[in-house]
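Colleague: I am new to reading models like this one. Please show me the structure and take me through a few features.

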Amino acid sequence: MKKILALLLALAMVFSLAACTSSNEPAQPAEPAGPTEPAGTEPAQTASEPRYKEEIVIAMADEFTTIDPMETSAETNQIVQDCTHDLLTDTNLDTMQNEGELVDHWEMIDPSHWTFTLKSGVKFHDGTTLDTEDVYFTLMERAPQHSITAKYASMFTIEIVDDLTFNVELFQPDVDFNYVFAANTLAILSKEAFETMPEEEAVKIGTGPWMFEDFVSGDYVSLVRFEDCTLYPVPNTKRLVFKMIPEASARMIALENGEVDVIMTPNATDYNRLIEDPNLQLITETGRGQHMVGFNLENPDSIVTNQKFRLAVAKGIDKEEMVLAAWDGYAIPSTNIHCRDMGYYHDIEGIPYDPEGAQALFDEIGATGKTIHLVTSDAAHRTKMANNLQAQMSKYGITIDIEIMQGAALTELLSSDGHTNGVEMFIASWTPGKNADYMYRNTMTTGAGRNYASLEVPEIDAMIDAAAGEVDPAKRDQLYLDLQNYLTCEVIPWVPIAQATLTFGAAADVTGAKIHPALVHQFKEVERLVSD
Amino acid sequence: MGRYVIKRLLMMIPVLICVSFVVYFLMDLAPGDIIASMAPPDATPEQIELMREELGMNGTVFHRYFRYLKGLLRLDLGQSLSQKRPVADIFFERLPRTMELAFGSIFVALLIAIPLGIAAATHHRTWLDGVSMTTSMIGVSMPNFWFGLLLIIAFSLHHKWFPSYGADLGLKSLVLPAITLGTEQAGTLTRITRSSMLEVIRQDYLRTARAKGVSEKMVIRKHALKNALIPILTVLGSTLGNAFGGAVTTEAIFAWPGVGRLTVMAVNSRDPNLACGCIIMFSLLLNVTLLVVDIAYAYVDPRIKAHYAK
Amino acid sequence: MEEKRTYDIAELKKYKKRSMLSEVWRNYKKSPSAMVGLVIVILLIVITVAAQFMYVFNEDIVYNDLKNRLLSPSAEHWFGTDQYGRDVFVRIIYGAKYSLSVGIVSVMIACGLGMCLGLVAGYYGGIVENIILRFCEIFIGIPTILMGVALMSAFGQGLGVLMLAIGLVYTPLFARTTRAAVLPVRDAEYIEAAKIAGCSDLEIMFKHVLPNSLSPIIVQATMGVASGILTASSLSFLGLGVPIPTPEWGAMLSEGRELIRDYSYLTLFPGLAIMTTVLSFNLMGDGLRDALDPKLKQ
């Protein structure tokens, strides 16, 4: 028996050694970082005042990786950064208009010259006050050093007028320039922090209502409230924890068990449970993302370059059915390529569902019996769309051969030219972050980064340029309407399918969890009332 | 013995280099790269090139690999491209979690396997043998992620005994994941317990013991068990390897912040440094474990020790 | 076996083989659990073949019928319908061929490659053996699933890729098993005799060494089918399996997992199907081991 004991001990030693290699790392936080008992409330409150839960735990699906705004364009990171850092301008989620966040007001002198004035007395987490030096430092000194933000150096220069006022000169006129400052990568950082602290500490300093506290890779990132916040009301919640739970069903169970307060993207099958349970709620908002069935026009030998084929597919898809299959009905079928919550949207008729017309067109061009190669990513709704499209198209005698890849692979495949010859159709989505011009310029112009359809049509390029440069709002509106009709009904690079409903599940008394249609959800004012 | 250990340790170096080579090139073969997913939609080609350079992803795959290998030989696992932190920091931050899970599962596995195996062996060819063998076989045959989901529904949702996710509540959090993973391991261990027990039971010295009139219970407890346990201990090394593998799906179901999930995430986000680093470290850990088991075994079995001494 | 007399060798071999096989079968029959395994495996193969004549891929597998989605098991739909309104029973029956073929083909790949490597290593020994063993160590040191994830990511989804990936992952195991089985045979007298008689190395390896060290490989292969099916389902669960709408059981399981609370039958039936298949291969392997292993023979 002794020998066995010795063996066991030896084994135990190896493993403890392996575990010890990590012990020079900061030790585990003394308190469990995650959900404490839901009953943990602020005790010292007068009876009449409402009491709030001290800690709110939000379960998200993807992994948070960095607090540095300039290092990432992933929404998961930006959701957390939105709590800690602020932008010059931002989308107001109630009105969906671009408004000043750190900027008080601005003036367009002409489309190339703008003057911005900051709000006064805005405090950073390190106690310093925001001024134009910080803006200059962020945009002109730090941004050019980071690849994601480097391009802004070739877009504009900044001239400091006084502590709160600065002028911007654009190299290319842009009547919607204020949207550029709404990019999450351009969150304003504290110049002084960078002078006094190491960089990895300094990037944590922002002006938001939450301060960065701790981050454990793959586990959680925690924030504490910023007591001196002036830009926003100081949160009633003391601590905000973002917990990473990849499985949707596990997130749901954690919510039901009271282990977390808010969950992002619950399964559609759990919506009813959230609605019916008196202790829970379903928070919904129509997303901006346009989900589409697209065509790759790069390979002239493919039948998809025949406009009649694309028209036939557009007529032949029952979008209502696809919405039911992919989102359990929680999506609005699209008739227009233009996203419905964006400016210049028109409720055009598009191409209505017409199975007989589709069949006639398919027969006319001899498409029946053909096999079409379609690619999409492994996101659940996309594989469901693909599944349903395959079934719908098989009714017309068209076989769809589906290839599924990971999200990153799909983006790269569709964005690169010359590698997509085998791809004839794709299922993807496009969530434009800013304005109408951004939406079209990045997807429909020759050589653009998200030109999945490989469009190279000089007229479309010209139409997009014309609309962007037009100062008169009425004329601009007309130009965008023409563009919508032309792309949706004539060129048909994509068949727009639907804009899905974005959802949160939450405890019934949680307020202030706001869904952003473009996925950078806001938790600046999230709180949970505790009933006695 | 010392020389043997050093030889084994030195032999790990080429093995690990080969692992890094295989994984790095597989990662390069995989369609899609991290730059494409990190770049904003309106990134220009120049900007993407700049990002590539900044992350050290420029040049051919051979250039990149040799740059990586150079770092590796200086014991530098490099920077994670997606997290902008040293790979070693991220890995060791998460390793203790996977260790907890692996050990928890082995504990559960032994708890199931040893009694079941002994029962099967001592009642060889009876209904008890059949039942315990079939039970253990069902454990091995079950997809463990499926079993994990069933456990969550039963013990976390219906009876709120254990949390459904995470590792915050210490031992309480560990129970369900460890059972999920342990059931899978138990099958193999039960069979080994049974077969080594069977072998020992037939040995002459036990016959002698029985002949001397020692009761059957004592024979099993005093003589058979301790000799039968040695082979079980030696397979613990490979059991640990299986546990690491099974941890990948188990960690996904229970949102367990371990290295298995980290590796899958690294592969999916096409972070070659992180993926390579994690797999190299996995490989190193397993190799070291196997070595330790071998050494320990040598101490237990004098014949092997004599062999090494040569 | 070592006896050498002046009989007609071919005649003798046939006799020997028959008697060996019948002896193994006699031993195998004794174990009821092994017989259960065998019967289930045969049944599965019959079902798989029958399903190919009963159902048409384009009609019975591809279709969507959203009006009849998520129906509970009934007389009409024995295992209910899934979220697209497709009959789960039909999909499981039709899908048997994918799970079985992934298991069997991947084992064939692993067994073929591994046997050659193990044979060469065991027969030649020395530096060749060392190199091959080191090579095996590289892959054994990487958890199966992680290697599978890396391979599937590199080569993309697909049934063929899945088979190849699992096959490659299991190759070192077969190489090791083969080598271990070859070692005791290598120095046997009849091998010496064959060498003296002037047989080529290749001939000796495949005609004399391999047939005499086959039993552990057979056992390993049977069990390998089981673990291959399990690994495939794990990869499918992680989203790296076969393309839709292939009704591979692992893929069905992962499709149904978001519905597990309300429609648990969607995961229950594919889960049970996987478990039964894997179990029967394991039982068979176990029975074979007992039947082939003279030590446990009584």
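Modeller: Start with contacts in chain A. Two residues are in contact if their C-beta atoms, placed from the backbone, lie within 7 Å. Among chain A contacts between residues at least 6 apart in sequence, 68% join residues at least 24 apart. This is a predicted model: local features need pLDDT of at least 70, side-chain atom pairs count only at pLDDT 80 or more, and totals for chains, interfaces and linings use all residues. Residues are numbered from 1 along each chain as its sequence is written, and chains are lettered from A and ligands numbered from 1 in the order in which they are written.

Colleague: How many helices and strands does chain A have?

Modeller: Helices (H or I, at least four residues) and strands (E, at least two) are DSSP runs, numbered from the N terminus. Chain A has 15 helices and 20 strands.

Colleague: What share of chain A counts as buried?

Modeller: A residue is buried if 20 or more other C-beta atoms, placed from the backbone, lie within 10 Å of its own. Of the 532 residues in chain A, 50% are buried.

Colleague: Is helix 12 of chain C enclosed or exposed, and why?

Modeller: Of its 28 residues, 24 are buried, so helix 12 of chain C is largely enclosed by the rest of the structure.

Colleague: How many residues of chain A and chain B take part in their contact?

Modeller: Chain A gives 56 residues and chain B gives 58. Helix 1 of chain A supplies the largest share of chain A's side, 10 residues.

Conventions: Buried ≥ 20, exposed ≤ 12 C-beta atoms within 10 Å, placed from the backbone.
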